[in-house]
Amino acid sequence: FKITNNENSSLLQKIESLYTYIIFSLIIYVLAYNLFHYDPIQGYDGEAHHAYVQNFLNIFVPGKTNQPAANFTYEFFSPPLPYVLPAFINEICKYSISSLNKLETCQDIYGFINILFLSFLFLITLVVYMKIIKIIFNKDTSFSLTILLTIGIFSTNYKAISMIRGEMYILFLNAFLIYRFLLLVKKSFNYQKQDIFIFGVTIGLLALSRQWAFLLFPSYFIFYFFVEKIYKEKYIKFMTFSFFIGFLISGWFYIGLFIEYGSFTTFNQDPTKFSFSNQPLDFYIPFFNESSMVFTKPIRPYFKNQFLPILYSDLWGDYWGYFSFTSRSLLTGRNQANIGDYLARVNIISLIPTFFLLYGFKQSFKSIKKLDRNNLDSLNIYLVFAILVSFFGYMWFLISFPNPSGDTNKATYIIHLFHLLGLCSALFIEKIKTTNTKVGFSILSILFIVFIHNLSAMMSHFPIISFFN
């Protein structure tokens, strides 16, 4: 009997290795395909982000101009880190080529290089998540199919990669910060000065990536209340010094916003005094006005400005159409006639991974009630509060800046929330695998099938970009 059991275990490991090879290969294929089939100008506020890149020196070099950043781009409130690389490439390009359409040529070049860089950043992010899993479960191998399936399955990952945006920086830096946090917990909060410096620099870079990163910070202070009494002083000192370093690195940008626009968190839309009445009832309750279209035609303009239906459809599919039918490219976007039916199937089958995300969150939540905690419980506590703060923080934003079309409700904006949920799900699945290999393998097999089905939703439906024609 033992021999048979070992043989079964060996067989499952071989199949899992095959799954891993296939999924990783498909992720590489999707990244490579989108690299040649998506122009960042198609993305959310594409012109404004390009204007930010092309006027980067005007915005940040003292004495270059006396105009406010808002005169150059309506993304003036966005922190600068995501624009540094494309701006650097653009400046080199401008002085290196002699083209009649120099602006457009350089735009194509830095757009392509930026997508390539973000693709590598995404792969590195997956590796960092895998290292977290390895530490928690003392695994022999660093490569994790579970991470590929619970994190790599979101179609919105690939939209974030294909645009000039800061969310991919948040994903990488936050994964690295969680990894460093886990090391801190594992060492019982015994740290060196270099640990404070690394943690602080990462916080500063997160703040310079996108304002959504601030939703991740409160949970580190909430965690203080779950630290054992003998470690509380060391923990709060570590966090205080780290966040002070983060402020030194990023504070200049937000102080500049306050001086010029009167607010540390200015936006290109005036806020409305917070009130739940800012949004209609069907924004909060997803059972009104075409909500059934989530599983029949989950594309705009259906279920307009409904919070959860739009967020769900944009996470798994392409609700806003930026991979298939943007108004800029109605004549070139392919598969427009049948994309709605396919995305409906995507939304239906994605109920399966959604269940695992929510169940993983439920399992992580149990760690809050425990008195005798291990490293996994400590990580779960951070994840739970980071998820809650991010979710309700994002909802606060949508209520404070209401938009009748729901245009500010995009899964890409809050993609870190879904990565945190994915990590909860990965921890839950890995824990199951340690006690019941067959059940864990069955869950991965189901997610494998879902990933294959949803593959087209992760890919651009535009023809090869003109730069390569």
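Select Thr 20, which is buried, with a relative accessible area of 12%; buried means under 20% relative accessible area, exposed over 50%, and partly exposed in between, using a 1.4 Å probe and protein chains only. The model is predicted: local features need pLDDT of at least 70, side-chain atom pairs count only at pLDDT 80 or more, and totals for chains, interfaces and linings use all residues. Residues are numbered from 1 along each chain as its sequence is written, and side-chain values use heavy atoms, with hydrogens and water left out.

**Stop 1: around Thr 20**

Thr 20 belongs to helix α1 (residues 2–37). Helices here are DSSP runs of H or I with at least four residues, strands are runs of E with at least two, and both are numbered from the N terminus. Now show the contacts of Thr 20, where contact means heavy atoms within 4.5 Å. Not counting residues up to four places away in sequence, Thr 20 touches Phe 143, Leu 145 and Leu 148.

**Stop 2: Glu 167**

Move to Glu 167, in helix α8. Is Glu 167 buried or exposed? Glu 167 counts as buried, at 1% relative accessibility. Leaving aside neighbours within four places in sequence, Glu 167 is in contact with Arg 210, Trp 212, Thr 412, Tyr 413 and Ile 415.

**Stop 3: helix α9**

Select residues 193–207, which make up helix α9. This helix has 15 residues and reaches 21 Å from its first C-alpha to its last, close to the 21 Å expected at 1.5 Å a residue. The expected span is 1.5 Å times one less than the number of residues. Colour the buried residues of α9, among them Asp 195, Ile 196, Phe 199 and Ile 203. Which helices do the buried residues of α9 pack against? They pack against α8 (167–186), α10 (218–222) and α11 (229–261).

**Stop 4: the largest cavity**

Rolling a probe the size of a water molecule over the atoms shows where empty space is left. On a 1 Å grid over the protein atoms alone, a cavity is a set of points where a 1.4 Å probe fits but cannot get out, and lining residues have an atom within 4 Å of a point. By this rule there are 6 cavities of 30 Å³ or more. The largest cavity holds about 50 Å³ of space. To find it, select Arg 180, Leu 183, Leu 184, Lys 187, Asp 195, Phe 199 and Phe 238, which line it. The largest share, 3 residues, comes from α8.

**Stop 5: two aromatic pairs**

Rings of Phe, Tyr and Trp (its six-membered ring) pair if their centres lie within 6.5 Å; planes under 30 degrees apart count as stacked, over 60 as edge-to-face and the rest as tilted. The whole structure has 59 aromatic pairs. One of them joins Phe 56 and Phe 60, a tilted pair at 4.9 Å centre to centre with 45° between the planes. Both residues lie in helix α3 (residues 56–60), 4 residues apart, about one turn of the helix. An α-helix has 3.6 residues a turn, so residues three or four places apart point the same way. Phe 56 is buried, with a relative accessible area of 14%, whereas Phe 60 is partly exposed, at 24%.

Next, select Phe 307 and Tyr 394, a tilted pair at 6.4 Å centre to centre with 45° between the planes. This pair links distant parts of the chain: Phe 307 is in helix α13 (residues 307–316) and Tyr 394 in helix α16 (residues 375–400), 87 residues apart. Phe 307 is buried, with a relative accessible area of 1%, and Tyr 394 is buried, with a relative accessible area of 1%.

Technical notes:
1 Å grid on protein atoms, 1.4 Å probe; cavity = no way out; pocket = protein on both sides within 12 Å on 5 of 7 lines; lining within 4 Å. Points joined across faces, edges and corners; volume = space filled by probe spheres on them.
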